[in-house]
Amino acid sequence: MSYTLKMLRFRSPAPLFQRHLRLWLTALAVLLFTTPQRSLGKESWLRLRSPNFEMYTAIGTRQSTDILRAFEQVREFFLKSTRARLTTHRPTRIVVFGDEAQFKIYSTRDRVVGYAFRTEHRDHIGMLHSGRYNREIATHEYMHLLISESQTKLPTWFQEGTAELFATIVVSENKVKVGELGPSAIWASQNQRWFDLDKLLRARYDDPLFNNPELAQAFYAQSWAMVHMINLSPDYRPQVSKFVAALAAEGAERAFAQVYGKTLLKVRDDFDKYLDRKKLKVAVYDLPLEKVAAVETQPAEDVEMQIVLGTLLAQIKSSGTALDMYNKAASTQPASWELREELGYLAERLGKAAEAHEHFAKAIELGCINRSTILHYAGLLGDTPVAAEAFKRALERIPDFDEARFRLGLLLIKQEHLQEGIAQLEKMKQLRPEWSLPYCRALVHANLRLGKQDRALAAAQAARSYAQTPEEIAEAEQLKQVAERSVTQPR
Ligand SMILES: [Zn+2]
């Protein structure tokens with residue numbers, strides 16, 4: 001994925017940098033110096049579902065729905081404005097804590113208001129309700145997941161700067177604005193004590209600077225300003241895609257030199273001048289986003305919350321604590337596939353393969369619809385009849401799950417269930433480019449074995465039409481020859 005900004009147009013001068021300062025400062029003070037107004041005690045959790053996200057929240061429906069809409073909009077914006085293709089079916093789960101003390105139990109370090117991480121089967125975001133900054137925090141964290149989806153290795157400053165830049169995305173009617181000022185901008189406008197560029201560009205997440213709130217804030221602000229400049233200043237913007245590629249491959253110093261012909265000293269000079277400007281540009285996209293479909297809200301069951309919170313604990317603190325929580329929950333809720341799923345991954349992480357298999361099998365039997373878990377479990381089973389059974393069960397519930405159907409088809413053909421395998425492959429709705437050759441190959445061989453030469457020939461011809469690279473073309477030609485030979489020399 002590339003999240004390079006393809007600018008459609010710049011809007012007329014953006015708000016004055018300084019003009020918004022007072023407003024933002026007041027807002028920041030509210031964020032930093034007040035605790036969320038919620039009474040302590042047992043939280044009542046809600047579960048919200050939108051087409052692509054699920055959220056567990058301890059704050060009111062209205063605010064939660066607003067955050068959920070922000071996620072849907074940001075997702076759609078990225079799919080539409082970049083070449084992004086989100087190929088994984090990993091669901092994203094967001095947990096919004098209403099109470100600071102409780103959030104602390106489930107957070108990574110002090111003074112953090114949000115975090116994101118990925119497990120094999122799900123993306124997770126944990127965040128503290130922070131009033132008017134909810135959308136910014138949510139979007140910042142979601143950006144991290146999108147960046148990691150792109151599998152581009154980017155340095156810490158660029159990841160954080162990008163997350164901060166897009167955190168203030170504004171969606172209104174048919175327009176999306178990127179580059180508006182947020183908390184990092186306030187800090188940037190107040191603080192001129194910047195890191196040496198070299199230090200900023202080299203810092204990694206384990207750098208001690210992140211233990212110091214002041215330094216960490218300065219790091220975010222400077223990263224935001226750098227990324228703002230690179231994405232939105234006329235000097236840097238036209239080459240930004242090239243720069244991102246070079247940054248991932250060669251590191252910052254070489255990337256600046258190769259793409260812009262600039263030394264770090266010159267970049268630093270540009271940076272200082274950029275922040276001295278009275279106006280910062282904002283990118284505006286003419287991009288109609290769809291109205292977010294209805295959000296479904298329900299009270300969350302206790303057992304669900306044990307699973308949800310246990311997963312956060314397992315990642316952040318200790319697997320042992322999570323295991324206790326899950327087991328406690330399992331004794332009261334034996335029919336929960338989500339619980340079995342979590343137990344499966346946890347057992348795997350603890351090196352207990354047999355137990356993991358058992359839990360995954362149970363999860364699928366109980367109705368698991370998490371596609372990545374189904375694929376993961378079948379992957380553990382390899383080319384076995386048990387894997388075929390697992391796919392079949394899953395497909396009963398998720399008929400449009402093409403990846404499962406594809407794998408099942410190949411598996412059945414391998415196991416000599418030719419007719420059945422062909423039927424599965426032919427039921428697929430969409431063929432990803434990387435599947436097309438194995439798909440045709442399987443159809444050619446299976447049909448030949450069944451004596452259906454005309455069908456084999458048709459599959460070989462289809463292979464030729466899909467083939468793009470020289471290797472693919474060669475293989476398609478070969479498949480065609482195999483099929484033709486069978487036509488002319490029937491056994
Ligand atoms: Zn971040």
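Student: How many residues lie between S2 and S3 in their hairpin?
Tutor: There are two residues between S2 and S3 in that hairpin, and please keep in mind throughout that this is a predicted model. The two strands run antiparallel and are joined by five bridges; as an example, Leu 46 has Thr 57 of S3 as its bridge partner.

Student: And what about S2 and S10, parallel or antiparallel?
Tutor: S2 and S10 pair in the antiparallel sense, over four bridges, and in S10 the partner of Leu 48 is Thr 297.

Student: OK, so what is the order of the strands in the open sheet?
Tutor: The order is S5-S6-S4-S3-S2-S10, which makes an open sheet of six strands with mixed pairing. The edges are formed by strand S5 (114–119) and strand S10 (296–299), each of which pairs on one side only, and from one strand to the next the twist averages 15°.

Student: Which strands does helix H2 touch?
Tutor: Helix H2 (residues 61–81) packs on the sheet and touches strand S2 (46–50), strand S3 (53–57), S4 and S10, with its direction at about 30° to that of S2. Helix H12 (residues 302–316) lies across S2, S3, S4, S5 and S6, and runs at about 90° to S6.

Student: Switching to helices on helices: at what angle do H5 and H8 pack?
Tutor: Helix H5 (residues 156–167) and helix H8 (residues 213–232) pack at about 75°, with their axes 7 Å apart. Angles of 65 to 115 degrees count as roughly perpendicular, so H5 is roughly perpendicular to H8. Residues making the contact include Trp 157, Phe 158 and Leu 165 of H5, and Tyr 220, Trp 224 and Met 226 of H8.

Student: How do the axes of H8 and H11 cross?
Tutor: The axes of H8 and helix H11 (residues 264–276) cross at roughly 90° and come within 10 Å, and the two helices are therefore roughly perpendicular to each other. On the H8 side the contact is made by Ala 225, Met 226 and Met 229, and on the H11 side by Asp 270, Phe 271, Tyr 274 and Leu 275.

Student: New topic, then: which residues of H17 are buried?
Tutor: They are Ala 388, Ala 390, Phe 391 and Ala 394. Looking down the axis of H17, these buried residues fall within an arc of 160°, so they line one face of the helix. Pro 385 and Glu 396, on the other side of H17, are exposed.

Student: What covers that buried part of H17?
Tutor: The cover includes helix H15 (353–365), helix H16 (371–381) and helix H18 (402–414).

Student: What span should H17 have, and what does the model give?
Tutor: At 1.5 Å a residue, the 13 residues of H17 (residues 385–397) should span 18 Å, and the end C-alpha atoms are 19 Å apart, which agrees.

Student: Last one: how many helices and strands are there in the protein?
Tutor: The protein has 22 helices and 10 strands, and 38% of its 491 residues count as buried. Among contacts with a separation of 6 or more, 64% come from residues 24 or more positions apart.

Note on methods. Residues numbered from 1 in each chain as written. Predicted model: local features only at pLDDT ≥ 70, side-chain atom pairs only at ≥ 80, totals over all residues. Pairing = 2+ DSSP bridges. Axes fitted to C-alpha atoms, helices over the stretch in contact; angles between N-to-C directions. Contact = placed C-beta atoms within 7 Å. Expected span 1.5 Å × (residues − 1). Buried ≥ 20, exposed ≤ 12 C-beta atoms within 10 Å, placed from the backbone. Arc of directions from axis to C-beta. Parallel < 35°, antiparallel > 145°, perpendicular 65-115°, else oblique.
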